[in-house]
Amino acid sequence: AAPPPVAPALLRSAPAPAPPFPPADGPLGALDAAVARDPLDVGAWLQRSIARLDLCDPHGAAEDAGRALLLDRRAPYAHVVAAMAALGAGDRAATRRHARNAEALLRGAPDEAPVPHAAGETASALRWLCAHLGDAKGAA
């Protein structure tokens, strides 16, 4: 037996839903738009910094982490991201400084406490990362 006929209206594709943010221009487009919308948003600068690290742009990542630190010097995750960017850029002194600052800011925080701007990462996870950044900071 032949399949039942399909109504012509069902053959038309439904319109695509609108994206939740403006279309991105390049790999950082949505993040560029986020920092343009709210240049005082520490989290937006840190997200863009992490994305730049993923794109193998440690110097750009360091610049964005630096902007986040200008907004909030006491944000431990900003120091962690700055340390990772400095390590990628080969700046061992900055890696050491930022890892040390992050460790100091995380000291005394409960192990399972989420760290602001760190996408749910806990203080203990960031302490572990700082210790490993400390191991890497002495490498050539």
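Is the crossing of H5 and H6 left-handed or right-handed? Keep that in mind while you load things up; note that what you have open is a predicted model.

**Stop one: the helix pair.** Select H5 and H6 and look along the spot where they meet. Their crossing is left-handed. The two axes come within 8 Å and cross at roughly 160°. Angles over 145 degrees count as roughly antiparallel, so that is the label for H5 and H6.

From H5, pick Pro76, His79, Val80, Ala82, Ala83, Ala86 and Leu87. From H6, pick Ala94, Thr95, His98, Ala99, Asn101, Ala102, Leu105 and Leu106. Colour them by class and you'll get eleven nonpolar, four polar and no charged residues.

**Stop two: the core.** Next, go for the largest nonpolar core, which has 22 residues. To find your way in, select Leu46, Ala68, Tyr77, Ala78, Val80, Val115 and Leu126, the ones with the most contacts inside it. Then show the helices around them: H2 (29-37), H3 (42-54), H4 (58-71), H5 (76-89), H6 (92-106) and H7 (123-137) each supply at least two residues of this core. H5 gives the most, with five residues.

**Stop three: Ala78.** Centre on Ala78 and ignore its neighbours within four places in sequence. What remains in contact with Ala78 is Leu46, Ala65, Ala68 and Leu69.

How values were computed:
Residues are numbered from 1 along each chain as its sequence is written. This is a predicted model: local features need pLDDT of at least 70, side-chain atom pairs count only at pLDDT 80 or more; totals for chains, interfaces and linings use all residues. Side-chain values use heavy atoms; hydrogens and water are left out. A nonpolar core is a set of buried Ala, Val, Leu, Ile, Met, Phe, Trp, Tyr and Cys residues joined through side-chain atoms within 4.5 Å. Buried means under 20% relative accessible area, exposed over 50%, partly exposed in between (1.4 Å probe, protein chains only). Helices (H or I, at least four residues) and strands (E, at least two) are DSSP runs, numbered from the N terminus. Contact means heavy atoms within 4.5 Å. Axes are lines fitted to C-alpha atoms, for helices over the stretch in contact, and angles run from 0 to 180 degrees between N-to-C directions. Angles under 35 degrees count as roughly parallel, over 145 as roughly antiparallel, 65 to 115 as roughly perpendicular and the rest as oblique. A crossing is left-handed if the near helix is turned anticlockwise from the far one by less than a right angle, and right-handed if clockwise. Ala, Val, Leu, Ile, Met, Phe, Trp, Tyr, Cys and Pro count as nonpolar, Asp, Glu, Lys and Arg as charged, and the others, Gly among them, as polar.
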